Amino acid sequence: MSDEPLRAMLTLAVAQLRAATDLTMDEIIGLPSLPEDARTPEVSHALGIIEGAAAALRATRREMLEDHDLLTAPKRPA
């Protein structure tokens, strides 16, 4: 099976998290829980996708996001 479906799902989850908070992915995955005002159903779902995928791959969230080049945001055009 290709990594593309997993990458697409993770990319969407990361995009939702970046849009919903002012935190970096490093900060998001490093927190035991997000601030109350940031916990929407969409954010919770995105966090669940990342957590579940990492568990399935037997990797940490950080390792998995690094492997898929999703830990740091792409540079914005100038």
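## Basis

In this predicted model, local features need pLDDT of at least 70 and side-chain atom pairs count only at pLDDT 80 or more, while totals for chains, interfaces and linings use all residues. Residues are numbered from 1 along each chain as its sequence is written, and side-chain values use heavy atoms, without hydrogens and water.

## Helices H1 and H3

Two packed helices are described by the angle between their axes and the distance between the axes. The axes of H1 (residues 4-20) and H3 (residues 41-57) come within 9 Å. They cross at roughly 140°. Helices are DSSP runs (H or I, at least four residues), numbered from the N terminus. Axes are lines fitted to C-alpha atoms over the stretch in contact, with angles from 0 to 180 degrees between N-to-C directions.

H1 and H3 are therefore oblique to each other. Oblique covers what is left after roughly parallel (under 35 degrees), roughly antiparallel (over 145) and roughly perpendicular (65 to 115).

## The contact

Contact means heavy atoms within 4.5 Å. On the H1 side, the residues include Leu6, Met9, Leu10 and Gln16. On the H3 side, they include Glu42, Val43, Ile49 and Leu57. The residues of this contact divide into 14 nonpolar, one polar and one charged.

## Positive phi

Most residues other than glycine have a negative phi. Arg58 has a positive phi of about 55°. Arg58 sits in the loop between H3 and H4 (61-67).

Asp69 lies in the segment after H4. Asp69 counts as exposed, at 60% relative accessibility.

Notes
Helices (H or I, at least four residues) and strands (E, at least two) are DSSP runs, numbered from the N terminus. Ala, Val, Leu, Ile, Met, Phe, Trp, Tyr, Cys and Pro count as nonpolar, Asp, Glu, Lys and Arg as charged, and the others, Gly among them, as polar. Buried means under 20% relative accessible area, exposed over 50%, partly exposed in between (1.4 Å probe, protein chains only).
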